[in-house]
Amino acid sequence: MLPKQEVVAMLLAGGQGSRLGVLTRKVAKPAVPFGGKYRIIDFPLSNCANSGIEAVGVLTQYQPLVLNDYLGNGQPWDLDNDNAGVHILSPYEQKDGAKWYSGTANAIYQNLNFIERYDPEYVLILSGDHIYKMDYSKMISFHAEHNADCTIAVIDVSLEEASRFGIMNTNPDGSIYEFEEKPAHPKSTNASMGIYVFSWDKLKKYLVLDAADPNSSNDFGKNVLPAMLANGERMFAYPFEGYWKDVGTIDSLWEANMDLLDPKTKLDLTEKKNKIYSRNPIMPPHFVADCAEIQNSMIADGCNVYGTLEFSMLFNGVTVKKGAVVTDSILMPGVVVEEGAQVSYAIVSEGTVIGKNAVIGARPEDTENRDDWGIAVVGENLSIGEGAVVPPKAMIDEDIKGVK
Amino acid sequence: MAGRNMFGLLLTNFQDLYIPELTTKRTFSSIPFGAKYRLIDFSLSNMVNSGISKIGVVTKNNYLSLMDHIGSGKAWNLSRRRGGLTFLPPFENTVDKYNTFVETIDSIRNFIDHSYEDYVLISSSMSVVNIDYQQMFNAHLKSNADITICYRNAPLHKSTNSDDVVFSIDSNKRISEVLINPRNLETADCMINTCVIKKDLLLDIVSDCMSRSKYTFSRDVIQPCVKEYNVYGYEVPGYCADIDSIQSYFKANMDLLSSEVREELFNMRNPIYTKIRDDMPTKYGLNSSVKNSLIAPGCVIEGEVENSIIFKGVRIAKGAKISNSIIMQDCDIGENTTLNYVICDKDVVVSPTRMLCGIDSYPVCISKKSVV
């Protein structure tokens with residue numbers, strides 16, 4: 001028998017993240033590189049570690065190889081624990097056949113036995129596609145103080161943005177009286193962050209009910225939470241203040257990276273106490289050459305910079321050669337930008353080589369028709385030939401020949 | 001695999017007096033180096049990359065920073081059930097005896113005796129080098145040597161800190177004579193503090209030396225041994241920096257600004273491991289200017305940096321001008337300061353508008369946690 005855990009966290013990491021296009025062709029969204037050295041999943045995992053949560057189940061389904069490799073035994077997040085630690089939970093074959101996870105609630109339902117082993121008081125449901133730092137233990141205390149059955153973390157968004165989120169309408173005491181999924185005319189601006197605390201007995205009860213309902217799409221937001229509210233369970237909104245960003249689209253992923261370059265962003269990665277942990281590649285410090293010009297950028301280990309960088313994010317092992325100009329872009333691990341190449345407003349995936357004098361992306365002000373403009377994305381391990389041009393908003397998933 | 005029949009011994013304190021400026025509160029081996037490393041990282045990583053998986057770290061005093069750095073040895077894949085890393089600090093009745101090579105080896109006789117490997121590789125952290133000890137071990141076996149010692153052809157240090165130990169080597173690489181501080185040579189085959197020896201032979205030699213009250217490695221072990229045993233040299237290929245003074249320490253750091261040196265020292269096949277601190281990538285502010293410098297993660301740079309080595313978590317404020325300097329972990333360099341040929345130890349705070357200036361033969365050293 002395992003020692004009791006007060007809280008078990010379940011991290012939903014099975015989504016494909018199809019809106020990220022070539023970036024998630026071979027990896028699940030939570031494993032997408034972010035912020036110069038991290039992967040998206042480092043944020044919720046580090047939050048768990050920093051909040052004192054020791055048992056974490058990670059639910060995987062889509063392209064799990066890179067993610068599984070990355071998680072390993074959970075050691076980088078101090079989650080290698082004989083009694084708890086991080087566990088990868090993939091769909092499995094059961095007596096009556098194999099079943100994929102049909103929805104967020106179903107994924108948890110199929111792993112009730114995992115949670116049961118720890119005999120927890122509370123279950124924390126997290127998703128693997130948000131960038132934020134949060135002390136979950138405060139949210140769990142809030143849940144306990146309010147004697148709640150379910151607590152949903154909410155963030156105050158602007159009225160215009162509110163129509164993109166699930167909105168929680170609350171009474172003055174914080175209890176929720178109504179959900180509105182992506183309302184055209186929102187009544188409030190409390191957007192759900194996709195972070196839920198459940199009392200374990202209630203979660204189990206409603207997941208079993210949900211599984212028995214053939215009409216349900218087995219989703220927390222669409223089915224389980226509304227069912228609980230309809231039955232008059234105690235549901236509260238937990239207000240979160242701080243930086244939080246959903247990075248489910250190319251634009252939001254690019255923006256969230258650029259936010260890290262802005263000193264005003266309320267996400268402090270320099271704190272000694274609550275660090276974001278990650279697997280660190282074994283690489284020497286980065287080198288900046290005499291001929292380099294760097295403005296407002298972030299650079300990770302193992303990079304060699306001989307060219308010009310402005311408002312850019314360099315992951316580990318990137319080389320920017322002499323005369324190359326990289327602006328407003330994200331270069332993932334191992335990218336090489338050859339001499340004279342220009343990269344602007346682009347995301348270049350791992351291991352891709354940008355040939356001499358190639359032009360990737362463009363500044364919005366240099367584009368004639370603004371509707372044609374967007375972030376250019378180049379997939380992993382590609383070769384963009386000498387002098388080739390990749391227009392803004394393009395999504396490249398095969399080699400491009402050079403133009404002589 | 002050398003590691004199956006050879007274990008490593010790393011001596012960490014013997015050179016403490018070479019760089020007193022940086023060893024008041026640490027061992028020689030744990031002196032920070034090259035923006036994110038400590039000197040011991042090179043010898044430890046070389047051993048691990050050569051397949052050695054059991055290493056004894058022999059340390060006498062001031063070893064808090066060393067133990068903190070190495071921890072369980074996880075970063076070098078040395079946290080393991082078989083072999084792995086063992087700290088060998090002095091224990092009762094041996095404290096006074098850790099001063100010399102012979103006494104130290106005699107004190108850890110138990111550890112050596114209990115090892116099932118037949119051979120031992122002994123090294124210090126004096127050399128910054130990326131070397132494959134497997135090849136050295138192969139050469140040792142092939143030449144049927146009793147002892148194989150590393151050397152390289154280099155200018156003599158002629159320093160007051162350390163002895164120049166010079167070999168006369170025949171065409172078969174056998175060492176026929178050992179000279180210590182010879183008068184008339186400028187460059188020669190100089191000893192590097194690394195050798196391979198059968199552990200039983202090591203213990204025999206040490207017992208003999210103890211009985212005759214002879215204690216030092218170069219004068220009492222190697223010099224007489226070349227007459228009695230087969231002692232061979234192994235030439236260290238490629239870049240190698242010997243550190244025995246603040247000047248040579250400074251120069252070895254600055255050598256890293258050459259891409260050829262970096263390529264020799266740091267490669268993906270034989271990486272140099274170090275403790276991981278989970279810093280964010282380094283952030284360059286608007287109007288920062290960085291030229292020809294090696295920079296670790298976790299820094300926030302808003303000023304100017306040139307020809308310098310910047311360690312993890314350093315803050316360089318607006319208007320600061322740093323050139324030809326080594327700034328260690330978590331230093332805080334204030335606005336409009338000017339530093340030229342300065343070595344700031346860890347956690348130094350330089351208040352705004354201060355100016356400090358050394359020269360290349362005598363860099364100014366600011367001790368740990370000072371406030372300037």
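Predicted model: local features only at pLDDT ≥ 70, side-chain atom pairs only at ≥ 80, totals over all residues.

Counting residues, 36 from chain B are in contact with 37 from chain A.

What about polar links across the interface? There are 22 residue pairs in polar contact between chain B and chain A, taking pairs with both residues at pLDDT 80 or more. On the chain B side, the elements that give two or more residues to the contact are α9 (259-265), β14 (282-284), β15 (289-291) and β16 (293-295). The residues on that side of chain B split into 18 nonpolar, eight polar and ten charged.

Side chains of opposite charge can pair when their charged atoms come close. Between chain B and chain A the count is three salt bridges. K36(B) forms a salt bridge with D301(A), with the closest N and O atoms 2.6 Å apart.

The two chains also pair strand to strand. Strand β18 of chain A (residues 297-299) runs antiparallel to β14(B), and three bridges join them. To find the pairing on screen, look for M298(A), whose bridge partner in β14(B) is K283(B).

Now move into chain B itself. Five of its strands form an open sheet with parallel pairing, in the order β15-β18-β21-β24-β27. β15 and β27 (355-357) of chain B stand at the edges with a single partner strand each, so one side of each has no neighbour in the sheet. On average, neighbouring strands of this sheet are turned by 5° against each other, direction ignored. Within the sheet, β18 (residues 304-306) and β21 (residues 321-323) of chain B pair in the parallel sense over three bridges, and E306(B) stands opposite S323(B) in β21(B).

One to look up is E271(A) with K133(A), where the closest N and O atoms are 2.8 Å apart. E271(A) lies in the loop between α8 (250-261) and β16 (286-288) of chain A, while K133(A) lies in the loop between β9 (130-132) and α5 (136-145) of chain A, so the pair ties together parts that are 138 residues apart in sequence.

Methods
Residues numbered from 1 in each chain as written. Chains lettered and ligands numbered in written order. Heavy atoms only, no water. Contact = heavy atoms within 4.5 Å. Salt bridge = Lys/Arg side-chain N within 4 Å of Asp/Glu carboxyl O. Polar contact = N/O pair within 3.5 Å; in protein donor to acceptor, adjacent residues only side chain to side chain. Helix = DSSP H or I, 4+ residues; strand = E, 2+ residues; numbered from the N terminus. Nonpolar A, V, L, I, M, F, W, Y, C, P; charged D, E, K, R; others polar. Pairing = 2+ DSSP bridges. Axes fitted to C-alpha atoms, helices over the stretch in contact; angles between N-to-C directions.
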